[in-house]
Amino acid sequence: MIRLEGITKRFGASPRPSVDDVSIEMPEGTTTALIGPSGCGKTTTMRMINRMIEPTSGRIFIEGQDVTGLDPVLLRRRIGYVIQQIGLFPHMTVAENIATVPKLLGWTRARTDARIDELLSLVGLEPERFRAMMPHRLSGGQRQRVGVARALAADPPVMLMDEPFGAIDPIARERLQDEFKEILKRVRKTIVMVTHDLDEAMKMGDRVAIMRDGHLVQYATPDEILAAPADPFVESFVGPDRALKRLSLRTVGSVLQPGVLPGAPVMNSSGSLREALARLIGSSAPGVNVAAADGAVIGHVSREAILGGGNEAA
(Lines give C-alpha, C1' and ligand atoms only; values in the text may rest on other atoms or scores of the structure.)
Protein backbone atom coordinates (compact mmCIF):
# COMPACT_ATOMS: atom_id res chain seq x y z
CA MET A 1 0.00 0.00 0.00
CA ILE A 2 1.09 3.57 -0.71
CA ARG A 3 -0.18 6.44 1.40
CA LEU A 4 0.48 10.11 0.71
CA GLU A 5 -0.27 12.44 3.59
CA GLY A 6 -0.48 16.13 2.71
CA ILE A 7 2.44 16.11 0.31
CA THR A 8 3.34 19.51 -1.08
CA LYS A 9 6.07 20.54 -3.49
CA ARG A 10 7.11 24.14 -4.03
CA PHE A 11 9.85 24.88 -6.55
CA GLY A 12 12.04 27.86 -5.68
CA ALA A 13 10.20 31.09 -5.03
CA SER A 14 7.12 30.09 -7.00
CA PRO A 15 4.01 31.61 -5.39
CA ARG A 16 1.98 28.50 -6.21
CA PRO A 17 3.01 24.97 -5.20
CA SER A 18 3.36 22.46 -8.04
CA VAL A 19 1.62 19.95 -5.75
CA ASP A 20 -0.49 21.30 -2.91
CA ASP A 21 -1.50 19.21 0.13
CA VAL A 22 -2.29 15.97 -1.73
CA SER A 23 -3.43 12.96 0.30
CA ILE A 24 -4.14 9.61 -1.39
CA GLU A 25 -4.26 6.01 -0.17
CA MET A 26 -3.49 3.43 -2.84
CA PRO A 27 -4.39 -0.11 -1.72
CA GLU A 28 -1.93 -2.95 -2.15
CA GLY A 29 -2.14 -4.73 -5.48
CA THR A 30 -4.08 -1.97 -7.25
CA THR A 31 -3.23 0.36 -10.12
CA THR A 32 -3.77 4.08 -9.65
CA ALA A 33 -3.72 6.28 -12.74
CA LEU A 34 -2.76 9.92 -12.23
CA ILE A 35 -4.21 12.21 -14.89
CA GLY A 36 -4.98 15.84 -15.50
CA PRO A 37 -4.06 18.79 -17.73
CA SER A 38 -0.40 19.57 -18.44
CA GLY A 39 1.24 21.14 -15.40
CA CYS A 40 -1.36 19.79 -12.97
CA GLY A 41 1.29 18.11 -10.78
CA LYS A 42 0.69 14.45 -11.66
CA THR A 43 4.30 13.64 -12.65
CA THR A 44 5.70 15.57 -9.69
CA THR A 45 3.38 13.62 -7.38
CA MET A 46 4.56 10.28 -8.75
CA ARG A 47 8.25 11.23 -8.66
CA MET A 48 7.98 12.21 -5.00
CA ILE A 49 7.08 8.59 -4.19
CA ASN A 50 10.59 7.37 -5.09
CA ARG A 51 12.07 10.74 -4.07
CA MET A 52 13.37 11.64 -7.49
CA ILE A 53 11.77 14.88 -6.34
CA GLU A 54 11.86 15.65 -2.63
CA PRO A 55 8.58 16.86 -1.11
CA THR A 56 8.62 20.27 0.55
CA SER A 57 6.30 18.91 3.22
CA GLY A 58 4.10 15.93 3.96
CA ARG A 59 4.80 12.23 4.46
CA ILE A 60 4.94 9.21 2.16
CA PHE A 61 4.36 5.65 3.39
CA ILE A 62 5.08 2.44 1.48
CA GLU A 63 3.89 -0.76 3.15
CA GLY A 64 3.48 1.22 6.37
CA GLN A 65 7.04 2.61 6.38
CA ASP A 66 7.66 6.34 6.21
CA VAL A 67 10.09 6.59 3.29
CA THR A 68 10.87 10.29 3.69
CA GLY A 69 13.68 9.37 6.09
CA LEU A 70 15.21 6.54 4.04
CA ASP A 71 18.30 6.66 1.83
CA PRO A 72 16.80 7.63 -1.57
CA VAL A 73 19.16 5.34 -3.50
CA LEU A 74 18.23 2.30 -1.43
CA LEU A 75 14.56 3.28 -1.65
CA ARG A 76 14.67 3.37 -5.47
CA ARG A 77 16.08 -0.15 -5.60
CA ARG A 78 12.83 -1.29 -3.96
CA ILE A 79 10.66 0.48 -6.52
CA GLY A 80 10.30 -0.50 -10.17
CA TYR A 81 10.32 2.39 -12.63
CA VAL A 82 9.12 2.36 -16.24
CA ILE A 83 9.31 5.48 -18.39
CA GLN A 84 7.96 6.47 -21.80
CA GLN A 85 11.39 6.51 -23.45
CA ILE A 86 12.02 3.05 -21.95
CA GLY A 87 15.58 4.03 -20.98
CA LEU A 88 17.37 0.76 -21.75
CA PHE A 89 21.15 0.98 -21.59
CA PRO A 90 22.13 0.81 -25.29
CA HIS A 91 25.53 -0.82 -24.64
CA MET A 92 24.00 -3.68 -22.61
CA THR A 93 22.20 -6.79 -23.82
CA VAL A 94 18.58 -7.43 -22.88
CA ALA A 95 19.74 -9.81 -20.13
CA GLU A 96 22.23 -7.28 -18.76
CA ASN A 97 19.56 -4.57 -18.70
CA ILE A 98 17.17 -6.76 -16.73
CA ALA A 99 19.96 -7.76 -14.33
CA THR A 100 20.81 -4.16 -13.37
CA VAL A 101 19.10 -4.03 -9.97
CA PRO A 102 19.71 -7.68 -8.99
CA LYS A 103 23.45 -7.06 -9.52
CA LEU A 104 23.30 -3.96 -7.32
CA LEU A 105 21.56 -6.05 -4.65
CA GLY A 106 24.28 -8.73 -4.81
CA TRP A 107 22.21 -11.58 -6.24
CA THR A 108 24.09 -14.69 -7.33
CA ARG A 109 24.57 -15.33 -11.04
CA ALA A 110 22.32 -18.40 -10.95
CA ARG A 111 19.50 -16.54 -9.22
CA THR A 112 19.82 -13.59 -11.60
CA ASP A 113 19.84 -15.80 -14.71
CA ALA A 114 16.76 -17.67 -13.54
CA ARG A 115 14.97 -14.39 -12.89
CA ILE A 116 15.87 -13.05 -16.35
CA ASP A 117 14.39 -16.11 -18.05
CA GLU A 118 11.30 -15.99 -15.83
CA LEU A 119 10.62 -12.34 -16.62
CA LEU A 120 11.27 -12.59 -20.35
CA SER A 121 8.73 -15.40 -20.48
CA LEU A 122 6.30 -13.35 -18.41
CA VAL A 123 6.41 -10.41 -20.84
CA GLY A 124 6.13 -12.66 -23.88
CA LEU A 125 9.74 -12.67 -25.14
CA GLU A 126 11.48 -16.02 -25.68
CA PRO A 127 14.56 -16.07 -23.40
CA GLU A 128 16.74 -18.05 -25.80
CA ARG A 129 16.06 -15.53 -28.57
CA PHE A 130 16.14 -12.23 -26.70
CA ARG A 131 18.68 -12.67 -23.87
CA ALA A 132 21.73 -11.68 -25.92
CA MET A 133 19.98 -9.15 -28.16
CA MET A 134 21.01 -5.47 -28.08
CA PRO A 135 18.26 -2.85 -27.56
CA HIS A 136 18.67 -1.27 -31.00
CA ARG A 137 17.51 -4.53 -32.60
CA LEU A 138 14.19 -4.50 -30.74
CA SER A 139 10.92 -2.94 -31.84
CA GLY A 140 9.37 -0.22 -29.69
CA GLY A 141 6.94 -2.69 -28.16
CA GLN A 142 9.71 -5.19 -27.44
CA ARG A 143 11.84 -2.51 -25.78
CA GLN A 144 8.87 -1.55 -23.61
CA ARG A 145 8.43 -5.18 -22.56
CA VAL A 146 12.09 -5.35 -21.58
CA GLY A 147 11.64 -2.12 -19.63
CA VAL A 148 8.77 -3.70 -17.69
CA ALA A 149 10.84 -6.85 -17.08
CA ARG A 150 13.72 -4.73 -15.76
CA ALA A 151 11.36 -2.87 -13.42
CA LEU A 152 10.07 -6.19 -12.07
CA ALA A 153 13.51 -7.78 -11.74
CA ALA A 154 13.99 -7.46 -7.98
CA ASP A 155 10.29 -8.19 -7.30
CA PRO A 156 9.54 -4.70 -5.92
CA PRO A 157 6.24 -4.17 -4.11
CA VAL A 158 5.71 -0.87 -5.95
CA MET A 159 6.05 0.13 -9.59
CA LEU A 160 5.94 3.65 -10.99
CA MET A 161 5.07 4.06 -14.66
CA ASP A 162 5.51 7.42 -16.39
CA GLU A 163 3.56 7.47 -19.69
CA PRO A 164 4.66 3.82 -20.20
CA PHE A 165 2.87 3.31 -23.51
CA GLY A 166 3.08 6.87 -24.85
CA ALA A 167 5.85 6.21 -27.38
CA ILE A 168 4.18 3.12 -28.86
CA ASP A 169 1.98 3.23 -31.96
CA PRO A 170 -1.78 3.02 -31.21
CA ILE A 171 -2.29 -0.59 -32.31
CA ALA A 172 0.70 -1.92 -30.37
CA ARG A 173 -0.21 0.30 -27.40
CA GLU A 174 -3.65 -1.24 -27.01
CA ARG A 175 -2.20 -4.74 -27.23
CA LEU A 176 0.48 -3.94 -24.64
CA GLN A 177 -2.12 -2.44 -22.32
CA ASP A 178 -4.14 -5.65 -22.49
CA GLU A 179 -1.07 -7.83 -21.96
CA PHE A 180 0.17 -5.72 -19.08
CA LYS A 181 -3.21 -5.99 -17.34
CA GLU A 182 -2.89 -9.77 -17.58
CA ILE A 183 0.67 -9.62 -16.18
CA LEU A 184 -0.55 -7.53 -13.24
CA LYS A 185 -3.08 -10.20 -12.33
CA ARG A 186 -0.17 -12.60 -11.80
CA VAL A 187 2.44 -10.41 -10.12
CA ARG A 188 0.18 -8.31 -7.80
CA LYS A 189 2.06 -5.04 -7.54
CA THR A 190 0.92 -1.64 -6.35
CA ILE A 191 1.18 0.49 -9.47
CA VAL A 192 1.18 4.26 -9.88
CA MET A 193 0.82 5.32 -13.50
CA VAL A 194 0.99 8.80 -15.01
CA THR A 195 -0.88 9.19 -18.27
CA HIS A 196 -2.33 12.00 -20.38
CA ASP A 197 -4.76 9.59 -22.08
CA LEU A 198 -8.16 9.40 -20.35
CA ASP A 199 -9.13 6.16 -22.08
CA GLU A 200 -5.87 4.59 -20.90
CA ALA A 201 -6.46 5.82 -17.34
CA MET A 202 -9.96 4.36 -17.31
CA LYS A 203 -8.77 1.08 -18.81
CA MET A 204 -5.66 0.52 -16.71
CA GLY A 205 -6.58 2.12 -13.40
CA ASP A 206 -8.45 0.37 -10.61
CA ARG A 207 -8.65 3.93 -9.30
CA VAL A 208 -8.10 7.21 -11.09
CA ALA A 209 -6.76 10.40 -9.48
CA ILE A 210 -7.72 13.53 -11.41
CA MET A 211 -5.55 16.56 -10.63
CA ARG A 212 -5.80 20.25 -11.43
CA ASP A 213 -3.40 23.07 -10.53
CA GLY A 214 -1.56 20.89 -8.02
CA HIS A 215 -4.72 19.76 -6.23
CA LEU A 216 -6.39 16.37 -6.14
CA VAL A 217 -9.91 16.96 -7.48
CA GLN A 218 -11.35 13.43 -7.50
CA TYR A 219 -10.01 10.00 -6.57
CA ALA A 220 -12.33 7.09 -7.30
CA THR A 221 -12.90 4.07 -9.50
CA PRO A 222 -13.32 4.76 -13.23
CA ASP A 223 -17.00 3.84 -13.04
CA GLU A 224 -17.60 6.17 -10.07
CA ILE A 225 -15.90 9.08 -11.85
CA LEU A 226 -17.87 8.56 -15.05
CA ALA A 227 -21.14 8.09 -13.16
CA ALA A 228 -20.69 11.01 -10.76
CA PRO A 229 -18.01 13.59 -11.65
CA ALA A 230 -17.01 15.54 -8.54
CA ASP A 231 -17.42 18.99 -10.10
CA PRO A 232 -17.85 20.79 -13.45
CA PHE A 233 -14.10 20.53 -14.16
CA VAL A 234 -14.13 16.72 -13.89
CA GLU A 235 -17.36 16.55 -15.89
CA SER A 236 -15.75 18.59 -18.66
CA PHE A 237 -12.48 16.65 -18.43
CA VAL A 238 -14.08 13.22 -18.89
CA GLY A 239 -16.18 14.56 -21.77
CA PRO A 240 -19.79 14.43 -22.91
CA ASP A 241 -19.52 10.78 -23.97
CA ARG A 242 -19.01 9.47 -20.45
CA ALA A 243 -22.02 7.16 -20.76
CA LEU A 244 -20.31 5.44 -23.68
CA LYS A 245 -17.02 5.33 -21.74
CA ARG A 246 -18.83 3.51 -18.94
CA LEU A 247 -19.94 0.87 -21.42
CA SER A 248 -16.28 0.33 -22.31
CA LEU A 249 -15.49 -0.63 -18.71
CA ARG A 250 -17.72 -3.71 -18.55
CA THR A 251 -17.49 -6.88 -20.61
CA VAL A 252 -20.47 -8.78 -21.95
CA GLY A 253 -19.19 -11.81 -20.06
CA SER A 254 -19.49 -9.95 -16.74
CA VAL A 255 -23.23 -9.30 -17.21
CA LEU A 256 -24.17 -12.59 -18.84
CA GLN A 257 -27.84 -13.61 -19.06
CA PRO A 258 -28.96 -17.22 -19.55
CA GLY A 259 -30.23 -18.58 -22.85
CA VAL A 260 -29.53 -18.00 -26.53
CA LEU A 261 -31.11 -15.32 -28.73
CA PRO A 262 -32.00 -16.75 -32.18
CA GLY A 263 -30.34 -14.84 -35.01
CA ALA A 264 -28.41 -12.46 -32.72
CA PRO A 265 -24.75 -11.61 -33.42
CA VAL A 266 -22.12 -13.50 -31.40
CA MET A 267 -19.40 -11.82 -29.37
CA ASN A 268 -16.50 -13.11 -27.33
CA SER A 269 -17.10 -12.85 -23.59
CA SER A 270 -14.19 -10.40 -23.23
CA GLY A 271 -15.83 -7.87 -25.57
CA SER A 272 -17.14 -4.67 -24.01
CA LEU A 273 -20.72 -3.48 -23.74
CA ARG A 274 -19.70 -0.60 -25.98
CA GLU A 275 -18.67 -3.07 -28.68
CA ALA A 276 -21.97 -4.88 -28.20
CA LEU A 277 -23.88 -1.63 -28.68
CA ALA A 278 -21.94 -0.97 -31.89
CA ARG A 279 -22.93 -4.42 -33.15
CA LEU A 280 -26.60 -3.61 -32.58
CA ILE A 281 -26.67 -0.22 -34.33
CA GLY A 282 -28.87 -0.59 -37.37
CA SER A 283 -29.90 -4.08 -36.30
CA SER A 284 -33.23 -5.31 -35.02
CA ALA A 285 -31.58 -8.06 -32.94
CA PRO A 286 -32.77 -8.14 -29.31
CA GLY A 287 -29.19 -8.40 -28.02
CA VAL A 288 -25.95 -10.28 -28.55
CA ASN A 289 -25.03 -13.88 -27.85
CA VAL A 290 -21.87 -14.41 -25.84
CA ALA A 291 -19.26 -17.06 -26.62
CA ALA A 292 -16.48 -18.53 -24.51
CA ALA A 293 -12.88 -18.74 -25.74
CA ASP A 294 -13.64 -22.06 -27.46
CA GLY A 295 -16.48 -20.48 -29.46
CA ALA A 296 -19.31 -22.16 -27.56
CA VAL A 297 -22.24 -19.82 -26.87
CA ILE A 298 -22.72 -19.53 -23.10
CA GLY A 299 -25.54 -16.99 -22.85
CA HIS A 300 -26.58 -13.57 -24.06
CA VAL A 301 -26.89 -9.92 -23.08
CA SER A 302 -30.11 -8.18 -24.03
CA ARG A 303 -30.33 -4.81 -25.76
CA GLU A 304 -32.00 -3.38 -22.64
CA ALA A 305 -29.14 -4.59 -20.43
CA ILE A 306 -26.56 -3.10 -22.79
CA LEU A 307 -28.30 0.29 -22.86
CA GLY A 308 -28.58 0.11 -19.07
CA GLY A 309 -24.85 -0.42 -18.71
CA GLY A 310 -25.36 -4.03 -17.72
CA ASN A 311 -27.48 -3.16 -14.72
CA GLU A 312 -30.50 -4.98 -16.08
CA ALA A 313 -28.63 -8.23 -16.71
CA ALA A 314 -29.76 -11.24 -14.76
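Modeller: Before we start, a charge sits over a ring if NZ of Lys or CZ of Arg is within 6 Å of the ring centre and within 35 degrees of the ring normal. Also, this is a predicted model, where local features need pLDDT of at least 70, side-chain atom pairs count only at pLDDT 80 or more, and totals for chains, interfaces and linings use all residues. Residues are numbered from 1 along each chain as its sequence is written, and side-chain values use heavy atoms, with hydrogens and water left out.

Biologist: OK, which ring does Lys 9 sit over?

Modeller: The ring of Phe 11, with the charged end of Lys 9 at 5.1 Å from the ring centre.

Biologist: And what about Arg 111?

Modeller: Its charged end is over the ring of Trp 107, 3.6 Å from the centre.

Biologist: Switching to the core. Which residues touch the most other members of the largest nonpolar core?

Modeller: Ile 98 and Phe 180, out of 33 residues. A nonpolar core here is a set of buried Ala, Val, Leu, Ile, Met, Phe, Trp, Tyr and Cys residues joined through side-chain atoms within 4.5 Å. Buried means under 20% relative accessible area, exposed over 50%, and partly exposed in between (1.4 Å probe, protein chains only).

Biologist: What does Phe 180 touch?

Modeller: Skipping residues up to four places away in sequence, Phe 180 touches Val 148, Met 159, Met 161, Phe 165 and Met 204. Contact means heavy atoms within 4.5 Å. Another core, of 24 residues, lies apart from that one, with Leu 4 and Met 26 among them.

Biologist: Now strands. What's the order in the open sheet of 3 strands?

Modeller: E11-E12-E13, with mixed pairing. Strands are DSSP runs of E, at least two residues, and helices are runs of H or I, at least four, numbered from the N terminus. Two strands pair if DSSP finds at least two bridges between them.

Biologist: How many bridges join E12 to E13?

Modeller: 5, and the two run antiparallel. Gly 287 is opposite Ser 302 in E13.

Biologist: Last topic: is Asp 21 buried or exposed?

Modeller: Asp 21 counts as exposed, at 53% relative accessibility. It lies in strand E2 (residues 19-26) and has a positive phi of about 55 degrees, though it is not a glycine.

Biologist: Where does Asp 155 lie?

Modeller: In the loop between H7 and E7. Asp 155 counts as partly exposed at 47% relative accessibility.
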